[in-house]
Each structure stands twice: as structure tokens, then as C-alpha cells.
Amino acid sequence: MPEPLTLTRADDPRLHDYTSLTDVELRRRREPAEGLFIAEGEKVVRRALQTGYRMRSMLLTPKWADAMADVITAATAPVYVVSPELAERVTGYHVHRGALASMERRPLPAPDRLLDGAQRVAVMEAVNDHTNIGAIFRSAAALGMDAVLLSPSCADPLYRRSVKVSMGAVFSVPYARLDAWPQGLDTVRAAGFEVLALTPGGSAEPLGEVASVRTGARVALLLGAEGDGLTQRAQRAADRRVRIPMAAGVDSLNVAAAAAVAFYAVASGSPG
């Protein structure tokens, strides 16, 4: 067990992993290239460790050292203690949760391997909002989805915001990226899944009616980006177009809310 080290300089090279966390474009480039991601907050750090991610280092403010004492004791990576002011200068924001960890990424599985043995999967097309990514992963974990597949242009599930919104669910739901789009859906279909494209279009079938007759089938729910929704190419590549019936003049739901409703419908097979 390494002894925690108190650091006092923002330009200390040992803090490199934690610099400029609010610069989204910089972090999106740096983190995958350097093979790391940032876990923020006690619960998220613990979940990352519990699901087998390896810690590179941990950054704490003094008041969090006691709360994380067991993690520090078990750590094989360096633990750095800094003042709240220094943490803010390094990261670019007030680290009110007081605990950050730099974790090592793991290689993603091949999509066909991920689908082997799965029953219900979510497929996202161009969902590039990190909050939506995190919320969808959290719903996927809570509602029994077996895996998530991402189109090439989807945001990084391991970006700090996605991880935090998901409350660490991104660590427990297996995911992979499809190399080609929408051709990658052929891999899903070849694995025996029926691809259901979720769209608010009035000509689509009500999701509850489809889900109720597909209980036990292997189903892939296809979700599009906020605002634009699924592209026509993706909808044409699906087996069926399905919708969540709306009331009170509402035309659609946020993609994260729609995903939760759809996951429940597929998991329960209840008519809606």
C-alpha cells in the first residue's frame, strides 16, 4: 500500500491525468488515446474498482481521505491529497465530491461476441450528448438490458459526465462499437435479433403491442440522437418501426426517457 502523498503544485506532472477536465474536446481526444478515464465521486470510484477496472491514481481532498480509507489501504496505485483550491485549479471546476480516480480503459469486445448469449440489447445511433448516454446506460442496467451497441459517432460512455450520470452503470452493462453504420446492424440481425427502430412517427407500430407478442424473442431497440432522431437510413435498416403512444399533445420524449420506457416494455412484455 503506497502512503498518500500531499501535493501542492498545479503543474506537478503526477497530476497530468486530472488537468483540464472541463475541456470536453481536449478530454475526448486525450482519454482514449492515453487509455484512461476519470471516475468522480466515492460511489462511482468504488463501482469502477468493484467491476475490475484498474486504478492509475486517485486524487482526494483531505476531508475525503477518511471516507476512502479502505480504498486507500487496498490501492496499489499512488494516492494524491490536494487542497480543494488546488483541485479546482488542476481540474478547472469545484470538485465538490472530493474524490477522483484515473482508471485504465479495457479493450472493447467485438460486437458479435457481445451479442452471444444476449437477449435484449440497445443500439444507439449518433447519441453524442454525454448526459443522455449516461442516463441510457443507467436505465439499461436497471431494466435488464443485456448489452449496448454504439454507432461510430456516439459519445464516449466513459467520459466523466456519462459515468457520473450513469452512477457507474457504464461499468456493469457490456458495450461495443459497430465499425460501419448502418451496415453494422447486419451483425445484430445475423445474431438472431429483431431490430426495432424507435421513432415518434405516426405510421410506426405501438411499442407495447409489438413487445407483448415478442416476449422471449431476441430484440434490439434502436435509439436515435436527441432532436434529429433516427436517420432514414437506420430506420430502413431496421425490421420494424415502433413508437411510444403519446397523450396531451406531446409529440415525443427525451431520448433517455424514451429509452427507459422502451426498455421496460421489452423487458416486461406488457401492452402499452
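**Reading folds, faces and rings**

Q: Where is Met-167 found?

A: Met-167 is found in the loop between helix H7 (160-166) and strand E8. Helices here (H or I, at least four residues) and strands (E, at least two) are DSSP runs, numbered from the N terminus. Keep in mind that this is a predicted model, where local features need pLDDT of at least 70 and side-chain atom pairs count only at pLDDT 80 or more, while totals for chains, interfaces and linings use all residues. Residues are numbered from 1 along each chain as its sequence is written, and side-chain values use heavy atoms, with hydrogens and water left out.

Q: What is phi of Met-167?

A: Start with the general idea: most residues other than glycine have a negative phi, and most peptide bonds are trans. In this model, Met-167 has a positive phi, near 55 degrees. Ser-20 also has a positive phi, near 55 degrees, and sits in the loop between strand E1 (5-6) and helix H1 (24-34). With a relative accessible area of 31%, Ser-20 is partly exposed; buried means under 20%, exposed over 50%, and partly exposed in between (1.4 Å probe, protein chains only).

Q: Which peptide bond is cis?

A: Look at the bond from Trp-181 to Pro-182, which is cis, with omega near 0 degrees. Pro-182 lies in the loop between strand E8 (175-177) and helix H8 (185-190).

Q: What is the order of the seven strands in the open sheet?

A: Quick background: strands of a sheet pair through backbone hydrogen bonds, either parallel or antiparallel. Here two strands pair if DSSP finds at least two bridges between them. The seven strands run E8-E7-E6-E11-E9-E12-E10, with parallel pairing. E8 and strand E10 (205-206) are at the edges with a single partner strand each, so one side of each has no neighbour in the sheet. E10 pairs with strand E12 (residues 240-243) over two bridges, in the parallel sense, and Glu-205 stands opposite Val-242 in E12.

Q: Which helix packs on the sheet, touching E6, E7, E8 and E11?

A: That's helix H6 (residues 130-142), which touches strand E6 (120-124), strand E7 (147-150), E8 and strand E11 (219-223). Contact means heavy atoms within 4.5 Å. The direction of H6 makes about 175 degrees with that of E6; axes are lines fitted to C-alpha atoms (for helices over the stretch in contact), and angles run from 0 to 180 degrees between N-to-C directions. Helix H11 (residues 255-268) lies across E6, strand E9 (194-198) and E11, at about 165 degrees to E11.

Q: And the five strands: in what order do they form an open sheet?

A: They go E1-E4-E3-E5-E2, and the pairing is mixed. E1 and strand E2 (36-40) are the edge strands, each pairing on one side only. Strand E3 (residues 55-60) pairs with E5 in the antiparallel sense over five bridges, and Met-55 has Met-103 in E5 as bridge partner. Helix H2 (residues 42-50) lies across E2, E3 and E5, running at about 25 degrees to E5.

Q: Which residues of helix H4 are buried?

A: An α-helix has 3.6 residues a turn, so residues three or four places apart point the same way. In H4 (residues 84-91), the buried ones are Leu-86, Ala-87, Val-90 and Thr-91. Down the axis of H4, the buried residues fall within an arc of 120 degrees, so they line one face; the arc is that of the directions from the helix axis to the C-beta atoms. Glu-85 and Arg-89, on the other side of H4, are exposed. Strand E5 (99-104) is among what covers the buried residues. After H4 comes Gly-92, with a positive phi near 95 degrees.

Q: How many aromatic pairs does the structure hold?

A: Four. Rings of Phe, Tyr and Trp (its six-membered ring) pair if their centres lie within 6.5 Å; planes under 30 degrees apart are stacked, over 60 edge-to-face, and the rest tilted. Phe-37 and Tyr-53 have ring centres 5.1 Å apart and planes at 85 degrees, so this pair is edge-to-face. Phe-37 is in strand E2 and Tyr-53 in the loop between H2 and E3, 16 residues apart. Ring pairs also link Phe-37, Tyr-53 and Phe-171 into a cluster.

Q: What sits over the ring of Tyr-53?

A: The charged end of Arg-106, 3.9 Å from the ring centre. The test is NZ of Lys or CZ of Arg within 6 Å of the ring centre and within 35 degrees of the ring normal. Arg-160 lies over the face of Tyr-93, 4.5 Å from the ring centre.
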